[in-house]
Structure formats: structure tokens, C-alpha cells
Amino acid sequence: DVVEDRKDSEKVRRDRIDRLREYQDEALASRYAKAVKAMEEAERSAKRQIKTLTHAVATNYYKLLAYKDEIEVARLLSNETLQKEVEARLEGPYSMTFFLSPPFISPRDQVTRLPKKLGLPAWLMLPCFKLIAALRPLRDTILNPFFFNPRRRHNLQMISEYEQDMRLVLERLQASEQDEGKQGRILQLAEELLQVPSNVRGFGHVRDKAWKNAIERLALLHSHLGANASADGSICSTAWRVRERHSSLLSALSLLSSLGVFP
């Protein structure tokens with residue numbers, strides 16, 4: 001039903017805008033809203049009743065913008081509402097332990113070489129979480145001690161590349177307005193392209209693996225849409241190769257930053 005589809009899309013959009021305000025600020029929420037509106041207008045011009053591209057942007061662009069970094073995890077875990085819910089569910093004395101794998105201090109599994117989680121008491125971590133959550137205004141600046149973390153840099157690169165993909169889709173739709181057959185093929189490719197982030201799930205090394213698996217499909221979609229791709233046909237794989245090549249350097253910079261070497 002077209003009316004129900006429109007209501008669902010608007011509900012998702014309003015919900016994500018509110019969430020982005022809580023996650024960061026009004027500027028990020030406005031950036032998201034403008035992108036969704038631009039895609040909606042493009043689908044309206046293409047005379048589409050069910051706006052699948054708009055829904056894809058509304059869900060996937062939000063997912064990329066609201067990436068779960070150290071600041072967001074700290075904000076969620078130090079939320080007073082969460083603490084009250086825990087207290088309401090438990091009776092009598094209790095203790096809380098957070099199982100985390102902090103960089104630089106987490107031991108590595110001898111077989112997989114992946115970081116192992118440490119059990120850290122709430123009395124120690126809750127004040128730390130509140131301190132880290134207070135860094136939210138500094139999230140995308142070099143004053144953020146986690147700014148040089150390779151995965152945080154990759155998160156920002158993924159956002160930039162998704163914005164490039166949205167512009168590519170808008171350009172292709174506008175260029176094919178007079179050819180319904182061509183526009184139909186572009187709409188099909190665009191829908192799959194804008195849905196790619198939905199297949200990248202998990203955190204840490206799990207997310208890294210999922211992203212590497214998505215690169216080949218992105219390369220094919222970009223080539224069909226006529227994107228200006230890198231040598232192997234993929235815009236996004238360039239960021240991945242740079243990330244892998246310089247991960248050691250970025251890790252060192254992250255350590256120096258956390259030690260206060262950078263201003």
C-alpha cells in the first residue's frame with residue numbers, strides 16, 4: 001500500500017533524525033534530513049510510487065552516520081535511564097561488570113591474535129564512560145583522543161563514499177529522465193548500491209571482514225553505473241587498501257594522541 005509505505009518512511013525518518021540529535025547534534029540531523037529529502041525528490045521526478053531508494057538512504061545513511069565509536073558506547077552505557085532500569089530489575093545487593101577489549105591493554109588470543117575481552121568493574125568504568133561521553137562535541141576533530149584509530153578513520157571514509165554514491169545515483173537518474181528503459185535499470189542498480197551498508201554488520205574485526213566481502217559487489221555496481229572507480233573498479237576498496245597499508249602508523253598516532261602528545 002502506497003500510503004502505508006509513505007507513512008513508514010516518514011516514521012523512520014523522524015525517528016532517525018531524533019536519534020542523530022542525541023548521537024551528535026542538530027547539524028548532523030540536518031545533514032541526514034537533506035540527503036533523504038533529495039533522494040525522495042529524485043524518486044518523485046521518476047514517478048515512483050513506492051520510494052525504495054528513499055527508504056534505503058533513510059536506513060543506511062543513518063547507520064553510517066551513527067557509527068558506534070568509543071564515545072557512543074560510553075554515552076549509551078553511562079545513560080542514567082539504563083542504570084535505573086537495571087536497578088528496577090534486580091533485587092538486593094548486586095555488582096556490575098563490563099566486558100570490554102580496550103586498545104593497548106587487552107591481551108591477544110594466542111591462536112587468532114584477536115583482542116580478548118576484559119571484565120572491568122562498574123565502579124571503575126562508569127566514571128570513565130561519563131568522561132568519554134563528554135567528548136561528543138570533539139568527535140570528528142583531532143582533539144578526540146580516538147580520532148586516529150584506524151577504524152574510526154574508516155567509518156568517516158565510508159560515510160564520505162556513501163555520500164558520493166548518493167550523488168552518483170542522483171546524477172544518473174537526472175541524466176536518464178527521457179529514457180524510461182534506461183532509468184528503470186539505473187533504479188534497480190541504485191537500490192542495490194544504496195543497500196550495501198545493510199550487509200556490513202558487527203563490530204571490530206567482524207565488521208572489517210563483512211566490509212571486505214562487500215567491496216567486490218560495490219565494484220561491480222559502480223562499473224554498471226559508470227562511476228569513476230579506482231584501478232580495480234571499486235571506489236571504496238581504495239579506502240580499505242589505504243587503511244590496511246597505514247594501520248600500524250595510525251595505531252601509533254592513536255597511542256600518541258591518547259597519551260596527550262597532540263594538543
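**View A. Arg-139 lies over the ring of Tyr-23.** The charged end of Arg-139 is 3.9 Å from the ring centre of Tyr-23. A charge sits over a ring when NZ of Lys or CZ of Arg is within 6 Å of the ring centre and within 35 degrees of the ring normal. This is a predicted model: local features need pLDDT of at least 70, side-chain atom pairs count only at pLDDT 80 or more, and totals for chains, interfaces and linings use all residues. Residues are numbered from 1 along each chain as its sequence is written, and side-chain values use heavy atoms, with hydrogens and water left out. Arg-16 has its charged end over the ring of Tyr-62, 5.2 Å from the centre.

**View B. Asp-69 sits in the loop between helix 3 and helix 4 (70–77).** Helices (H or I, at least four residues) and strands (E, at least two) are DSSP runs, numbered from the N terminus. Asp-69 is in contact (heavy atoms within 4.5 Å) with Tyr-23, Arg-139 and Arg-152, leaving aside neighbours within four places in sequence. Its relative accessibility is 3%, so Asp-69 counts as buried. Buried means under 20% relative accessible area, exposed over 50%, and partly exposed in between (1.4 Å probe, protein chains only).

**View C. Tyr-32 and Tyr-61 form a stacked aromatic pair.** The whole structure holds five aromatic pairs. In this one the centres are 6.2 Å apart, with 20° between the planes. Rings of Phe, Tyr and Trp (its six-membered ring) pair if their centres lie within 6.5 Å; planes under 30 degrees apart count as stacked, over 60 as edge-to-face and the rest as tilted. Tyr-32 belongs to helix 2 (residues 26–45) and Tyr-61 to helix 3 (residues 52–65), 29 residues apart. Tyr-32 is buried at 0% relative accessible area. Tyr-61 is buried too, at 1%. Ring pairs join Tyr-32, Tyr-61 and Tyr-162 into a cluster.

**View D. Phe-147 and Phe-148 pair edge-to-face.** Their ring centres are 5.3 Å apart, and their planes meet at 90°. Phe-147 is buried at 11% relative accessibility. Phe-148 is buried at 15%.

**View E. The largest nonpolar core has 43 residues.** A nonpolar core is a set of buried Ala, Val, Leu, Ile, Met, Phe, Trp, Tyr and Cys residues joined through side-chain atoms within 4.5 Å. Tyr-32, Tyr-61 and Leu-194 have the most contacts inside this core. Helix 1 (2–23), helix 2, helix 3, helix 7 (150–175), helix 8 (180–195) and helix 9 (204–225) each supply at least two of its residues. Helix 3 gives the most, with eight. A second, separate core of eight residues includes Ala-74, Phe-98, Leu-120 and Leu-126.

**View F. Helix 7 packs against helix 8.** The angle is about 170°, and the axes are 10 Å apart. The two helices are therefore roughly antiparallel. Axes are lines fitted to C-alpha atoms, for helices over the stretch in contact, and angles run from 0 to 180 degrees between N-to-C directions. Angles under 35 degrees count as roughly parallel, over 145 as roughly antiparallel, 65 to 115 as roughly perpendicular and the rest as oblique. Among the residues that meet are Tyr-162 and Met-166 in helix 7, and Ala-190 and Leu-194 in helix 8.

**View G. Leu-114 lies in the loop between strand 1 (97–100) and strand 2 (118–121).** At 29% relative accessibility, Leu-114 is partly exposed. Beyond four places in sequence, Leu-114 touches Pro-107, Arg-108, Asp-109 and His-205.
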